[in-house]
Amino acid sequence: MNAPLSNDPAAAAAPTPIVIVGHVDHGKSTLIGRLLFDTDNLQDGRLDAALASSRKRGLGIEWSFLLDSLQAERDQGVTIDATRLPFTLAGRGFVIVDAPGHRQFLRNMITGAAGAAGAVLVVDAAEGVREQTRRHAMLLRLIGVPEVIVVLNKADLLAFDPTRTNAAAAELGALLARLEITPRAIIPASARDGDNIATRSTRMPWYNGPTLVEALMGLSAPLLPVSGPLRLPVQDVYRQGERRFVVGRIESGRLALGDTVVIGAGGHRAVITAIETWNAPAPEAACAGQSVALVLEPEVVVARGDILYDPAHPPERAMRLATRVFWLRQEPLRVGESFHLRLATAEYPVRVTAIDAVVRIEDLSAQPGDEVPPEGFADITLACAEEVLFDAFRSGGAGGRGVLVDGYQRIVGGAPVLGPARRHDAIFPLDAAVSHAQRAAAKGYRGAVFWLTGLPGAGKSTLARQAEQQLFAEGIDAVVLDGDTLRSGLNADLGFSPREREENVRRTAEVARLMAEAGLVVIVALISPQAAMRAAARRIAGDLFFEVHIAADAAICEARDPKGLYARARKGDLRGFTGTDGSYEVPNAPDLGLDTGRLSIAEAAALLLAFISSAIVPVASETRR
Amino acid sequence: MTDLDQLESQSIFILREAYQRLKPLAMLWSLGKDSNVCLWLARKAFLGQVPFPVMHVDTGKKFPEMYEFRTRYAAEWGLDLIIGTCPPVEEIDPSLPPAARSAARKTAGLAALIERHRLAGVIAGIRRDEQATRAKERVFSPRGASHRWDVRNQPPEFWDQFAAPIEAGAHVRVHPLLAWREVDIWRYIARENIPVVDLYFARNGQRYRSLGDQDITFPVASEAATVEEIIAELYATREPERAGRAMDHEAEDAFERLRTAGYL
């Protein structure tokens, strides 16, 4: 192919996109107008229009009129939407994205800034850091703009005084340091008069750093992640006659004919046998940024959302994701809400299971919170019913660019994926004030106690373990409490007298209740032979309690005898053994009865799982908050 | 990758997203240079055959050369061509200035086509650098049931995630060429050898830089008679592209009003 597969700057003549951000009235539009004028980048029509507009309103040249091309904007005196302007500096192409300063228009800024190679943060030297300065700086970090240049505008208001200007610069530097942003330069300037924009200011001889134009020339051209591991998110699959083409744009890395790739979560492998094109010679290789159409052999199942990747460098997998959201919906984000998480072309149903920390914009500190306000930032945990394939988000990279969409396919927030959520990584642990209902709303299921009673050998422990395993696989936290385990620890002091058996049941029920209230699905496997004992347990656990009778004929249980207890009892080694002394009282009206004499283990386990799954659905009062 | 390779790949990505997400979909073909490039990119994206109809909203006032071009290439490229008509100017908002009122016929014709074919997506070859109002566009630009463009309430669009909201009677305008500049269009026409209407090339010291209706489009002074000469001219010029389009210049807000009402 004729295009070189490299980031060789000589080969890549694409203009460098830059974004201009900053608090309202700190001078963004003026800066752009002045920059374009001083660098001879104005089309005659634009300058004429600006001059005419300024004259019409009885003003001198208002540089910002160049950009405020909508009638309504000019009348309000503010820019309401991102504007793009191409310009050149010494033959190098740039595209300016002018982002608005008004809070409610943040989404326009993101739209402009997400693809930028660099940002110019404009700060009024006299006013210093303001709310939108912090908000925009935070966003620059979260959307991954790799380079930041700060213009300390209106230096004339500080009389170009080095001490006062440096103090303002220090305040800014401290803010950016908190966000792990190292600015390329902090430039004291007067955009209106052109000081340190294209030409060095004679009024600030003490300043030795670059002018804005020099700093812009120092920005790296945007790099395509060619050297990363291959990631090709599948957009679609086309058929033409017998041939099938897998199409998409390479997100990172490169591919070549003969390469083996892995497809999506399924893990099937295939070989690239052709790269199809129209009206161009078919290439033998392709790299990040290119849209391709591949022929794969063998014809494995491929669908939109699958990611083709290099077998040697697989992406991460997790069902619970730690993400850092920037929230764009007018209503706050709350725990328990469901969305679709888009990652490249994949779309996963997810639920917000925790708000781990909310950023307080006044000082950028992490605070506990139960909602994320519009245009707010927060660390949240997302849970998905299936495994999500992802690469962690990093500045300037293509991986982990999660976006949340609602049921109407509207984009409601950005959710850069930081990594798999660890179970106890909440910065602010939930305290006792969190109710069972809140937990249920948060997790999407409610904690409960499933009390499996039945003869020894009926299959209680086997079924409990199977249910636990399957619930866990579905992302539900389940735990088994069985008699033997409890008697080896918590209840080690108890024997088998009637009183001690009662106490054994009481403690087990108390522990089960605590765990269920903490949101766990608790499966108790305990003979609990007397109806009175089980009634006591139900009183303790309240409406979280479900009695499940694992029934089987005594003869069958004795034939199974998994622990050899029947044999010992028959020999007289074991006294008061429930299996043989006839003392087991069959429940009258269990919430569920499973006859393991007739059902296979798999059938019984499936019925138990279905029962548990329906019983832990949050009730209406738990889904609303 | 060169900058043209990157623009081409991005446009192909957008066209494939549109085809995957918006059904039924159609592409507008104004017969101008941008829409020819857009069509060419669709042929690349779908490996030769455009899998959706191509619509020409015909005001009946185009140049004869444009109609010849339409007939020839619709057949040569195997296009599923739909031709829509426009209502007479008397039926258009009389408060618009004369040229804008004439141009607004096209908005009405387009609306009729969208409704008749119940389109969910309409691909249009507009570019940000053409006109300040177009600079504010999204790649996926949702239009409500009235087809109006709500410039103050546009969806966020980042990381190549495009919103296609579900709403009865609504459609999405898809703009694959938004990031292209006028000179990029001509460089790509040169690279790919894409045919264009002859009116773009100078005759007797004049050429059309932008093509619309005969009565409201005017040639500019130029000696550029080949694609290469046009590229050289564009690198040197300081004249805006749409200087010859009358409706842009009648009043400060004329073009914005046209666009808000659904004009391209």
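The legends below walk through close-up views of a predicted model, one view at a time.

**View 1**
A search over all chains turns up 27 aromatic pairs in the whole structure. One of them joins A:Phe450 and A:Phe546: the ring centres are 5.2 Å apart and the planes meet at 15 degrees, so the pair is stacked. A:Phe450 belongs to strand E25 (residues 448-453) of chain A and A:Phe546 to strand E28 (residues 545-551) of chain A, so the pair ties together parts that are 96 residues apart in sequence. Both partners are covered: A:Phe450 is buried at a relative accessible area of 0%, and A:Phe546 is buried at 14%.

Start with B:Tyr73 and B:Trp77, an aromatic pair that is tilted, with 45 degrees between the planes and 4.8 Å from centre to centre. B:Tyr73 is buried, with a relative accessible area of 8%, and B:Trp77 is buried, also with a value of 8%.

**View 1. Arginine ends sit over phenylalanine rings.**
Here are two places to look for a charge over a ring. In one, A:Arg249 of chain A places its charged end over the ring of B:Phe13 in chain B, 3.9 Å from the ring centre. In the other, both residues come from chain A: the charged end of A:Arg487 sits over the ring of A:Phe496, 4.0 Å from its centre.

**View 2. Chain B is seen as a whole before we zoom in again.**
Chain B contains seven helices and eight strands. A compact globule of 264 residues would have a radius of gyration near 18 Å, and the 17 Å of chain B agrees with that. Along the principal axes, the C-alpha atoms fill a box of roughly 50 × 50 × 35 Å. Of the 264 residues in chain B, 64% count as buried. Among contacts in chain B between residues at least 6 apart in sequence, 73% join residues at least 24 apart. The accessible surface of chain B is about 9,300 Å², and carbon and sulfur atoms account for 51% of that area.

**View 3. B:Ser141 is a buried serine with polar partners.**
B:Ser141 lies in strand E5 (residues 140-143) of chain B and is buried, with a relative accessible area of 0%. Its side chain makes a polar contact of 3.3 Å with the side chain of B:Arg143. A second polar contact, of 3.5 Å, runs from the side chain of B:Ser141 to that of B:Trp149. Leaving aside neighbours within four places in sequence, the residues in contact with B:Ser141 are B:Trp149, B:Gln154, B:His171, B:Val172, B:Arg173 and B:His175.

**View 4. B:Asn204 is an exposed loop residue.**
Look for B:Asn204 in the loop between helix H5 (182-192) and strand E7 (206-207) of chain B. At 82% relative accessibility, B:Asn204 counts as exposed. From B:Asn204 to B:Ala246 the C-alpha distance is 22 Å, and the two are 42 residues apart in sequence.

**View 5. Helix H1 of chain A is mostly covered.**
Helix H1 of chain A spans residues 28-38, and nine of its eleven residues are buried. Among the buried residues are A:Lys28 and A:Arg34, along with A:Leu31, A:Ile32 and A:Leu35. After this helix comes A:Asp40, which has a positive phi near 60 degrees.

In chain A, the peptide bond from A:Glu297 to A:Pro298 is cis, with omega near 0 degrees. A:Pro298 sits in the loop between strand E13 (291-297) and strand E14 (307-309) of chain A. In chain B, the bond from B:Lys23 to B:Pro24 is cis, with omega near -5 degrees. B:Pro24 sits in the loop between helix H1 (3-21) and strand E1 (25-28) of chain B.

A:Ala90 is not a glycine, yet its phi is positive at about 50 degrees. A:Ala90 is in the loop between strand E2 (83-89) and strand E3 (92-98) of chain A and counts as exposed at 80% relative accessibility. A:Ser528, also a residue other than glycine, has a positive phi near 35 degrees. Its place is in the loop between strand E27 (521-525) and helix H12 (531-541) of chain A, where A:Ser528 counts as buried at 2% relative accessibility.

Definitions and conventions. Residues are numbered from 1 along each chain as its sequence is written. Chains are lettered from A and ligands numbered from 1 in the order in which they are written. This is a predicted model: local features need pLDDT of at least 70, side-chain atom pairs count only at pLDDT 80 or more; totals for chains, interfaces and linings use all residues. Side-chain values use heavy atoms; hydrogens and water are left out. Rings of Phe, Tyr and Trp (its six-membered ring) pair if their centres lie within 6.5 Å; planes under 30 degrees apart count as stacked, over 60 as edge-to-face and the rest as tilted. Helices (H or I, at least four residues) and strands (E, at least two) are DSSP runs, numbered from the N terminus. Buried means under 20% relative accessible area, exposed over 50%, partly exposed in between (1.4 Å probe, protein chains only). A charge sits over a ring if NZ of Lys or CZ of Arg is within 6 Å of the ring centre and within 35 degrees of the ring normal. The radius of gyration is taken over C-alpha atoms; the globule rule is 2.2 Å times the number of residues to the power 0.38. Contact means heavy atoms within 4.5 Å. Accessible areas come from the Shrake-Rupley method with a 1.4 Å probe; for residues, only the protein chains shown count as cover. A polar contact is a pair of N or O atoms within 3.5 Å; within protein, one must be able to donate a hydrogen and the other to accept it, and residues adjacent in sequence count only if both atoms are side-chain atoms.
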